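Student: Could we go through this structure together, one question at a time?
Tutor: Happy to, let's take a look.

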Amino acid sequence: EYNLPEGENRVSLYFPIGAYGAIKDLELDDGATCTPYTYKRKFMFFGDSITQGFTSTYSHLTYAAQVSQFFDADFLNQAVGCGDFLPTTFDDSVEFAPDYVFIAFGTNDYNHFPTLERLRERGGRFLDMIKERYPDATVIGISPIWRGDFAEKRSMGTFEECCETVKELHRARGFYLLEGEALTPHEPSFYADEKALHPTTLGFGIYANNIIKRISCIIK
């Protein structure tokens, strides 16, 4: 039960990451009304567990939520933990028409894909699918953020080569690009796991703030 001050109030509910929920029943005082909030724009996010907000203490403090709050955007987070540029992670049946689409894959691709060519092929297919599905949306690509084991070489090559390949994929399609290595601190204390891969709640705040600074010039 919540008591709100007199006048018009806005109430937002954030469910835990990975949980499904809906309002089953709402009882209001006599004379009170409930009106759906009208947002200025719509955001959609695709990515892995970092975009999902896996290690954020609170659902409303993930970077996707904070960026959406700042720009007064209704948002749908389609991120999948452990996800990469896999076309089947895209659900075409979702009835949501975004004005802006954020895509942040790459760090799991660095672990999953055997070659840079495989990354180009799978990443290209995913991005082309998004471009075709949302032709009127502004697509914002985010290359992989810093990770503590960036110096370790994988079968595809170095982490730097992976990041550069992801950037090329976005640039080739005319998408707006944010370079991930400049968006989070290169310091393990801002990450929640031993490998320094997933940001802490504080790390997400810095991530979100840097994204906001860089996209303010393109949000209409």
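Student: Is Arg171 buried, partly exposed or exposed?
Tutor: First, a word on the model: it is predicted, so local features need pLDDT of at least 70 and side-chain atom pairs count only at pLDDT 80 or more, while totals for chains, interfaces and linings use all residues. Residues are numbered from 1 along each chain as its sequence is written, and side-chain values use heavy atoms, with hydrogens and water left out. Buried means under 20% relative accessible area, exposed means over 50%, and partly exposed is in between (1.4 Å probe, protein chains only). Because its relative accessibility is 44%, Arg171 counts as partly exposed.

Student: Which residue does the side chain of Arg171 meet in a salt bridge at 3.2 Å?
Tutor: Side chains of opposite charge can pair when their charged atoms come close. A salt bridge here is a side-chain nitrogen of Lys or Arg within 4 Å of a carboxyl oxygen of Asp or Glu. At 3.2 Å, N to O, the partner of Arg171 is Glu179.

Student: Which residues are linked with Arg171 and Glu179 in a network of salt bridges?
Tutor: Glu179 itself is partly exposed, at 34% relative accessibility. The network that holds Arg171 and Glu179 also links Glu164, Lys167 and Glu181.

Student: How many residues apart in sequence are the parts that Asp128 and Arg173 tie together?
Tutor: The side chains of Asp128 and Arg173 meet in a salt bridge of 2.7 Å, N to O. Asp128 lies in helix 4 and Arg173 in the loop between helix 5 (159–172) and strand 5 (176–178), so the parts tied together are 45 residues apart. Helices (H or I, at least four residues) and strands (E, at least two) are DSSP runs, numbered from the N terminus.

Student: Where do Arg125 and Glu121 both lie?
Tutor: Their side chains meet in a salt bridge of 2.8 Å, N to O. Arg125 and Glu121 are four residues apart, about one turn of the helix, and both lie in helix 4 (residues 116–133).

Student: Is Ile23 buried or exposed?
Tutor: Ile23 lies in the segment before strand 1 (41–47). Because its relative accessibility is 59%, Ile23 counts as exposed.
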